[in-house]
Amino acid sequence: MIPMHRMTLVVAAAAAVSAAGACSAKKPEQRDTTRAALPPKSSVSQVASSAGNLRVDSVASLPAGSVGAQGSGEWWMPGRDFAASRYSTLDEINTSNARNLKVASTFSTGVLHGHEGQPLVVGSTMYVVTPYPNMLYAIDLTKPGGVLRWSYTPATDQRAVGIACCDIINRGAVYADGKIIYNTLDAQTVAVDAVTGKEVWKVRIGDVNIGETITMAPLVVKGKVIVGNSGAELGVRGYVVALDLRSGRQLWKAYSTGPDADVLIGPDFKPFYARDRGTDLGVKTWTKNQWKLGGGTVWGWVSYDPETNLLFYATANPGVWNPDLRPGDNKWSITLFARDPDNGHAKWAYQFVKHDAWDYDEIMENVLVYMPVNGQPRKLLIHPGRTGFVYTFDRTTGELLSAEKYQPTNWALRVDTRTGETIEDPTKRTHEGVVTRDICPSSTGAKDQQPSAFSPRSGLLYIPAHNVCMDYEGVEANYIAGTPYLGASVKMFPGPGNYRGELVAWDPVRARTVCSVKEDLPLWSGVLATAGDVVFYGTMDGWFKAIDAHTCAELWKFKTGSGIVGNPIAYKGPDGKEYIAVYSGIGGWMGAVAFPDVSTDDPYTALGVAGAVPDLKLKSAMGGTLYVFAL
Amino acid sequence: MSSHSDMPVVIPSEARDRDPPGRGPRLPVPLHTEVLVLLLPALLLSLAASDGRENAYGHEAADAHDVTALRVCADPNNLPFSNEKGEGFENRIASLIASDLGLTLHYTWWPQRRGFVRNTLKAKVCDVVMEVPTGYELTGHTAPYYRSTYVFVTRADRHPAIRSFDDPALRRLRIGIHMMGDDYANSPAAAALAKRGLGGQIVPFMIYGDYSQPDPPSRLVRAVATDSVDVAVVWGPLAGYFAKRSRVRLVLTPVSPPSAAFQYSISLGVRRGDSAWRAMLGAELARRRGDIRKILEEYGVPLVSERNRER
């Protein structure tokens, strides 16, 4: 992941972009009008894709077994289901009545800083994990306004605060087997009894002494808790571990770099493309022993397909900075892995970016859907990339079906789906000591960690996107651990088009945008889609919005107290009503610009993102509140 | 090192007792790790509210007579610069200044890594950091009080002195360097080697190292002594100190030709705008120039003249 320390000269040359929230729904196409008028199952059309001659016959579904044992009104996993769809089948709130949404209750977490992640709802209890110090609250939803059943505060090592790169955030918990399980910033995983709030087990996964932290939300698959580490910018070597759900005992560990034995690559490893085949590529694609500091941490989202028994996640950027120092492909950084959760063995892999020069950390969500392509039902994996491309794979084989741009992107021209290779623009590749201007997207990507949502009803992926570019320029004196040195500066600025964020409704089969909402500020919140055909997301200045899933037309909005970088959820309360919940609390990498102690004239500010959002301080102050809405 | 379990902030108990009246409480003792983050802003607020001043030494309190303490932020585990036992040359120089000016010396310990300035000087838990490169953009600073250079470190019994990155011998050698991390930056040696196509010879050492071990950056110098690398490119003060203590004789050769990337002048860092405070410290450094030089020499710091600056 990325960087807060060395950073950048924040030249806020960014003219404040106005035109917030301009709705740019594209002209409805035949398929969409049909779909809006008819029940989804009858929506049939065949449209050739400009991208890859893909055809669509009907809308989508999620893999069988994706929702696990949870009820339709609950939310047990970070992305609601194993498919990471962030889709709720609740439909009481719909496109006709969403304008009547009102605040039902609020809850202050008592912590400022970035509230990424999402609450869980299990039965009649909501569970909220705060940013560091990573408290866990259990809120009784049967009591008016919500009353705490208990709270739990883990014992943690405060040094983690000085190590975490991008605010002290946490991306949430998972529920399984009567336990709420989540990670702490100081690299521990804890399981808490969901009824009593008592700690069941707590295990140390990583070591803050060498720069490891954990921010990601775990997933529980077949009795195993899947956890990955953070800290690539400190030379940490990335990995995923599987812990026994009952005890926390480690069952397997798969590194992202190093020999095949460490990466858990064996005879059953069958990458689709020749570029990803070979022995010990996690060593051979580096010089000397650099893979030991190789990054490729796993701080994003994990998904799982019960039908194929494959676990999916993608890895972060390679360490250390300066691509000239690590000649080679630097595998398996920036790589999508499909693994067998039973033993951790890799089944296939695809490296999105070889030899990264931009920090295009690809830990984004991998959304698993079932959609017809060219008349054939295909098991798809959709990965909206930091690189500016949305990648759609056949998840059973790793074949790339399409990769098309969804935001201004100039570092690469296109991706060849026959070879899997990206055709780059060599003038946009960074080198130390060389000025490279106008690289799109910037290191923050066309999106960052904030997860998309997929609606099987519309067949669209709703992507919270950024439009920010960067100059990689000169050097300045810097200093760390008693050692002065010269570092490069990165200056970020709004990309072309007079907007910095966009909620993109993306058709993964035809590989194109169907409609979108342009936003003034980059989107750092996740997205929720519901069976009421309503899509929810928030903005960095605190607006929480509902739009029509088919047209992107705005249905409703509400101004919360702080910027939104969390992910909305839907649940059914004990009273049978549908509720929508989201955190309001600015922070995270870009959101740190809103903090009073982060100065926008500080050249180190948040790795240059202050140049992208110099106006954020005026638009949001720190906060930490759960908002719940209902009709 | 169990002594670091309370890291990163340990405040000596006299800190609060000796606060001048009217300034309000500073920080409680000891600060527990769990509460620090939440408590700190509130305490700072109460400090500001108690006397309406931004801080004791800011431009709003330009009268230097008001100053009764030298509040230093330093790394508790980073010799030869500083440690919490007071064994570093930064500790020695801080003591010298405090004693001369009749100030009580207070330390706030914080590892020198990302966020150091933000969490120390800018958080106003101290008023000076003992070293920043002259011209540093994150802080204000005094005039430089020393200047040093990166050096090549080799074993006296193995390899002849390396002077330049253009030395053809480097193509055959394992070259140890410090890596800064992934934040668009690295040590100047990394850039010099990359430019010459010598990236493949690099053996990387994270500057942060393993913080559970003493003085983590020192591992690079020890790697030369143990023959894990043939040559290391190291910042002078670090190389000088650990070479002196090495059982194997090590040779230090300044990187040649001298250049802005390999030589740095070092100043005391203060908050921007704390001009009276900066002037007071600057005058003290000038007055004690000879004694400070003696301390630096005692620690083996390779000193280069400001006249050699090449810009």
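**Contacts, core and sheet**

Q: What makes residues count as being in contact with Val535(A), leaving aside its neighbours within four places in sequence?
A: Two residues are in contact if their C-beta atoms, placed from the backbone, lie within 7 Å. By that test Val535(A) touches Ala453(A), Tyr462(A), Val527(A), Leu528(A), Ala529(A), Ile547(A) and Ala549(A). This is a predicted model, where local features need pLDDT of at least 70 and side-chain atom pairs 80 or more, while totals for chains, interfaces and linings use all residues. Residues are numbered from 1 along each chain as its sequence is written, with chains lettered from A and ligands numbered from 1 in the order in which they are written.

Q: Which residues have the most contacts inside the largest nonpolar core, and what makes it a core?
A: A nonpolar core joins buried Ala, Val, Leu, Ile, Met, Phe, Trp, Tyr and Cys residues through C-beta atoms within 7 Å; buried means 20 or more other C-beta atoms within 10 Å of a residue's own. Here 284 residues qualify, and Val369(A), Val535(A), Val153(B) and Val234(B) have the most contacts inside the core.

Q: Why are E2 and E36 of chain A called edge strands?
A: Strands (E, at least two residues) are DSSP runs, numbered from the N terminus, and two of them pair if DSSP finds at least two bridges between them. The antiparallel open sheet has the order E2-E38-E37-E36 in chain A. Strands E2 (102–108) and E36 (569–572) of chain A each pair on one side only, so they are its edges.

Q: How do you know that E36(A) and E37 (residues 578–584) of chain A pair?
A: They are joined by 4 bridges, and pairing needs at least two, so they qualify. In one of these strands, E37(A), Glu578(A) is the bridge partner of Lys572(A).

Note on methods: A residue is buried if 20 or more other C-beta atoms lie within 10 Å of its own, exposed if 12 or fewer, and partly exposed in between; C-beta atoms are placed from the backbone.
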